[in-house]
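Biologist: I have the model open. Could we go through a few spots together?

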Amino acid sequence: DHKMAVHYVVAGGGIAGVTCAEQLSELDPDAKITLLSASKLIKAATNFRKVGRTLEDFNVQETSSNILVRKCPNVTIMHQAITGVSHEDHLVYLINGESLKYDKLCICTGALPKIVSIGNRWVLGVRDTESVEDLISKVCNARRVVIIGNGGIAMELVFELKGREVIWAIKDTSIGTTYFDEGAAKFFLSELVHGTSVDKEGGALDSIIKTKPVKRIKYMLESTDPKGSSVGGGQLTEAACVKRDYHAMGSALGPDWFSELKIEAKQTSRNIHIDYGCEVSAIYSLEEFKGKKLKETVPKGVTKQDIECQWPVYVEFTNGTLYGCDLVVSATGVTPNVKSVHSADKFNLAEDGGLLVDCEMRTNLNDIYAAGDVCSVNWIDHTFLWFQMRLWTQARQMGAYAGKCMVAHHNGRDILMDFCFELFAHVTKFFAYKVVLLGRYNAQSLSSDYQLLLRCTPGREYIKVVMKDGRMIGAILIGDTDLEETFENLILNQLDLSRFGENLLNPDIDIEDFFD
């Protein structure tokens with residue numbers, strides 16, 4: 001008897017969805033695979049390179065959906081956003097009013113940006129290519145920009161915006177707390193505030209003072225439109241859901257999005273003022289500012305005469321400061337995009353709003369999986385050295401693993417958890433420096449019974465290692481250290497390194513050759 005091909009449906013044209021579709025096509029070439037993407041442009045991983053056993057490096061490229069179809073002939077792409085799911089009938093409801101039958105479904109709808117003031121023309125969220133183009137057009141003539149947030153997008157924007165005033169407001173006591181500690185933050189501040197020149201490959205230029213590494217420090221811590229096929233990308237924004245105008249948002253930006261951020265500036269210097277420990281309390285128009293007779297705060301280094309001009313928008317913070325500006329950029333993080341599916345069914349959600357998935361990427365509803373930013377893992381006890389962050393590397397890994405699980409379950413086979421979930425490993429760039437994060441690199445979820453080893457060469461490298469019971473359980477490497485593969489193996493193998501003590505980071509000892 002002829003057996004009908006299984007129909008896999010993947011919702012979302014971001015890196016998780018595209019990777020999942022590619023994996024499904026490779027493992028089950030006879031299957032029917034439908035990828036739902038609200039945009040004709042999809043996100044694909046290119047120039048993939050294994051750096052270590054779990055470390056990987058790749059670029060994310062926005063490409064035509066036709067390229068994926070040529071690569072995976074059993075994949076069909078529908079340019080539609082998902083509006084609901086019926087798990088009893090195995091149906092996906094689309095924005096054009098039609099429905100699609102599936103055997104197994106993987107939800108990869110990504111995340112939505114948190115906007116501090118939805119609908120305000122002077123407040124811009126940065127999430128997809130369209131919003132970056134909007135940012136470029138608005139910031140070119142801006143005299144002063146207020147940037148709110150302390151994540152990757154905010155940091156890169158602050159670094160790239162030159163020749164204009166930048167007010168950077170963060171709720172933490174140091175920059176980049178999601179990725180590194182105060183020591184690394186101070187390392188980066190010299191590049192950011194003092195304008196130290198660094199080339200785009202992460203190496204320091206001749207203008208950097210070439211000093212020997214400082215003494216290693218060891219210390220203990222105290223305890224789419226509805227009918228059209230293409231609407232400009234991704235899933236529904238928060239604003240769209242409120243207005244019900246169904247304007248779709250594109251897939252999230254790639255890790256190197258800022259390399260295309262070409263903003264004209266008469267000067268190449270940076271003029272940055274950082275407000276620590278504050279959040280937005282109110283945003284005023286010029287008319288509201290005048291009507292309330294409010295008083296503007298003078299940023300450090302700005303003369304009183306400079307602020308006598310009028311601004312189109314004013315931002316007030318919880319620390320009492322109030323700044324006028326030409327544009328407010330909201331980069332305060334994301335929230336899982338479950339709006340399009342949660343209302344139709346009883347999905348179990350995590351505290352952060354993501355779709356809860358088990359160790360085989362299954363939700364609580366039969367034959368429905370989830371991967372990428374939209375999901376939250378429910379298997380954190382699998383390994384102590386891995387934890388979830390909404391990053392491009394994990395989106396790609398989850399998408400690929402979800403595809404493997406879907407095929408295995410359809411064929412009635414068991415599947416082992418992918419090795420990539422044995423260790424948190426991420427390679428990125430901040431302020432033109434290569435940054436490698438491994439394991440519990442910031443001593444996350446640890447009590448006070450651990451040690452930190454530190455080596456720092458200002459303007460060149462910053463290395464921090466987290467040690468517990470003589471074993472390495474985390475590390476952060478900034479700059480071209482060439483230690484990532486060695487440290488990755490030391491963490492995975494859990495070798496006892498007690499005999500090395502502080503010499504583990506001794507620059508005169510070739511630690512790579514020793515453990516080769």
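Biologist: Which residues does glutamine 444 touch, not counting those up to four places away in sequence?
Modeller: This is a predicted model: local features need pLDDT of at least 70, side-chain atom pairs count only at pLDDT 80 or more, and totals for chains, interfaces and linings use all residues. Residues are numbered from 1 along each chain as its sequence is written, and side-chain values use heavy atoms, with hydrogens and water left out. Contact means heavy atoms within 4.5 Å. With sequence positions up to four places away set aside, glutamine 444 touches Phe387 and Gly439.

Biologist: Which backbone nitrogen does the side chain of glutamine 444 reach at 3.0 Å?
Modeller: A polar contact is a pair of N or O atoms within 3.5 Å; within protein, one must be able to donate a hydrogen and the other to accept it, and residues adjacent in sequence count only if both atoms are side-chain atoms. A polar atom of the glutamine 444 side chain lies 3.4 Å from the backbone nitrogen of tyrosine 441. At 3.0 Å, the side chain reaches the backbone nitrogen of asparagine 442.

Biologist: Is alanine 371 buried or exposed?
Modeller: Alanine 371 touches several residues, including Cys106, Met361 and Ala402. Buried means under 20% relative accessible area, exposed over 50%, partly exposed in between (1.4 Å probe, protein chains only). Because its relative accessibility is 0%, alanine 371 counts as buried.

Biologist: What separates the C-alpha atoms of alanine 371 and methionine 361?
Modeller: The two residues are 10 residues apart along the chain. Their C-alpha atoms are separated by 6.8 Å.
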